Amino acid sequence: MSDDKTDTLKKLPLDSWHRSLGGRMVPFAGYEMPVQYEGVMAEHLWTRDNAGLFDVSHMGQVQLEGEGAADALEAIVPGNISALGVGKIRYTLLLAQDGGILDDLMVTNTGRNLYLVVNGATKHDDIAYFKAQLPSAITLNHLEDQALLALQGPKAGEALAKLKISPMQPDWPVPTDLYFMEAGPFMWGDIPLGISRSGYTGEDGFEISVPAEHSEKLAAALCALEEVKPIGLGARDSLRLEAGLPLYGHDMDADVLPVEANLNFALSKARREEGNFAGAERVLAQYPDKSDKKRVGLFVNGRQPIREGANVVDSDGNSIGAVTSGGFSPTLQKPIAMAYVPTALAETGTEITVEQRGKPISCTVADMPFVPHNYHRKPKL
Amino acid sequence: MSRYFTDEHEWVDVEGETATVGITDYAQEQLGDIVFVETPETGAELAQGDDAAVVESVKAASDVYAAVSGTVVEVNDALEDEPALVNSSAEEDGWFFRVTLSDKSELDDLMDEKAYKAFVDGL
């Protein structure tokens with residue numbers, strides 16, 4: 001099909017809406033996507049203080065249905081999916097047979113099926129891998145006619161409440177009753193919505209799956225609220241970097257193992273004990289801290305940002321690691337980065353040197369997140 | 001004083017043998033919020049087309065090429081503390097560096113304001 005040609009950029013369901021708002025469209029993950037509207041800095045800071053609406057319809061929405069779907073998925077992810085309660089979400093990793101990270105994803109147990117959100121750039125490969133690895137009794141449904149909008153920021157809850165979204169059943173909770181990493185089915189008038197309290201900015205917020213044909217109505221209704229502005233990919237990237245959240249294809253890929261990527265939390269205890277996921281032997285041999293290299297956060301000493309691809313060097317100038325994401329933090333007003341460094345240098349406070357365009361730049365290993373998370377977590381009893 | 005433009009969106013003000021170089025308002029608009037400018041060292045010998053400076057926005061780094069050949073005689077120190085000057089005043093206070101021109105004939109290949117405007121309108 002011509003749609004699958006890599007030289008043809010696809011259009012988002014909201015393409016004309018983005019353009020009408022002055023969105024500057026750039027190629028990303030095979031789509032034309034808005035990188036910014038009024039400017040990355042302003043959009044970033046707006047999201048940290050108010051609420052931003054992000055179109056993430058390029059991401060893959062996939063349902064896995066059938067008896068034993070959770071157990072089957074566990075063969076290729078290290079998260080405890082079979083223990084996931086109805087309406088709960090888990091962040092997990094799609095692992096190759098050698099344990100390399102093929103993608104990171106969110107898995108929701110809807111009660112009827114598993115609903116997965118995977119990265120846009122990897123979705124077709126992921127789906128091929130699911131089809132190859134999962135038993136034929138498990139049905140895979142790629143929800144290509146669903147758009148996905150993320151409403152993120154401290155005012156996301158009060159904004160969403162204004163839309164009068166109802167639960168599917170009168171006695172079920174409304175969207176703002178959800179806690180972080182919970183999800184449910186809802187109705188907005190006669191439009192069905194799947195809403196989760198999750199996101200990738202470090203802020204409280206929601207991801208809303210909506211039929212593509214109704215996505216413009218929903219986006220317009222949200223952006224008509226005083227709390228909400230449309231936010232582009234540029235700010236999405238700087239927000240997730242401040243939140244310490246890795247970006248697939250940059251901060252991790254198929255050559256990286258979970259412990260190296262500093263994603264130990266994604267290796268559920270029960271699954272480590274079972275040791276029955278793809279690449280488990282190789283992955284668990286590094287657990288918890290036996291990898292040679294590790295993803296860390298960096299503060300840059302000075303004002304000049306360091307960028308993806310810059311080398312981490314030793315005192316003789318030999319490359320010992322690499323920067324995988326780097327930019328200027330609008331919240332902190334200074335440059336921050338993520339890099340892979342030898343584990344011996346991964347301790348917070350360690351001074352390291354990055355070489356960029358032939359110049360040494362001094363950096364300090366920093367705790368992540370760089371900016372504290374502001375999730376709406378369920379209170380601990 | 002004459003102002004010239006390049007198709008890399010730089011402007012060049014020429015006064016006698018000295019040229020002041022910066023990026024155009026169109027360029028700063030495209031780059032977005034500028035958070036750092038790496039200027040050349042005073043005394044550096046630049047050949048036309050060399051990497052002369054780097055402009056860093058929140059998201060990306062962009063090279064600024066030497067619009068003309070010459071020796072750098074002054075850089076805009078104000079950009080160190082206030083890189084956003086390039087956004088607020090790209091074609092005046094946000095200048096990058098000054099050179100003593102080594103080959104004034106290079107100016108013949110640059111655009112005047114009218115030609116640059118037509119170039120930008122065509123993008």
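Modeller: Met181(A) lies in the loop between β11 (166-167) and β12 (183-188) of chain A; helices (H or I, at least four residues) and strands (E, at least two) are DSSP runs, numbered from the N terminus. This is a predicted model, in which local features need pLDDT of at least 70, side-chain atom pairs count only at pLDDT 80 or more, and totals for chains, interfaces and linings use all residues. Residues are numbered from 1 along each chain as its sequence is written, while chains are lettered from A and ligands numbered from 1 in the order in which they are written.

Although Met181(A) is not a glycine, its phi is positive, about 70°. Most residues other than glycine have a negative phi, and most peptide bonds are trans. Met181(A) counts as buried because it has 20 C-beta neighbours inside 10 Å; the rule is 20 or more other C-beta atoms within 10 Å for buried, 12 or fewer for exposed, and partly exposed in between, with C-beta atoms placed from the backbone.

Arg357(A) also has a positive phi, near 50°, and is found in the loop between β20 (351-356) and β21 of chain A. Arg357(A) has 13 C-beta neighbours inside 10 Å and therefore counts as partly exposed.

Chain A also holds cis peptide bonds. One joins Tyr287(A) and Pro288(A), with omega about -5°, and Pro288(A) sits in the loop between α9 (280-285) and β16 (293-300) of chain A. Another joins Met368(A) and Pro369(A), with omega about 0°; Pro369(A) belongs to the segment after β21 (359-366) of chain A.

Ala339(A) touches several residues, among them Val296(A), Leu298(A) and Val312(A), not counting residues up to four places away in sequence; contact requires C-beta atoms, placed from the backbone, within 7 Å.

The centres of domain 1 and domain 2 of chain A, taken over C-alpha atoms, are 32 Å apart. In their contact, 7 residues of domain 1 of chain A meet 6 residues of domain 2 of chain A. On the domain 1 side, α2 (40-49) and α7 (233-242) of chain A each supply at least two residues, and α2(A) provides the largest share, 4 residues.

Chain A further contains an open sheet of 5 strands in the order β6-β7-β8-β5-β9, with antiparallel pairing; strands pair if DSSP finds at least two bridges between them. At the edges stand β6 (89-95) and β9 (139-142) of chain A, each with a single partner strand, so one side of each has no neighbour in the sheet. Strand β7 (residues 101-109) and strand β8 (residues 114-118) of chain A run antiparallel and are joined by 5 bridges. One example is Asn109(A), whose bridge partner in β8(A) is Leu114(A).

Technical notes. Two residues are in contact if their C-beta atoms, placed from the backbone, lie within 7 Å. Domain bounds come from an automatic or database domain assignment.
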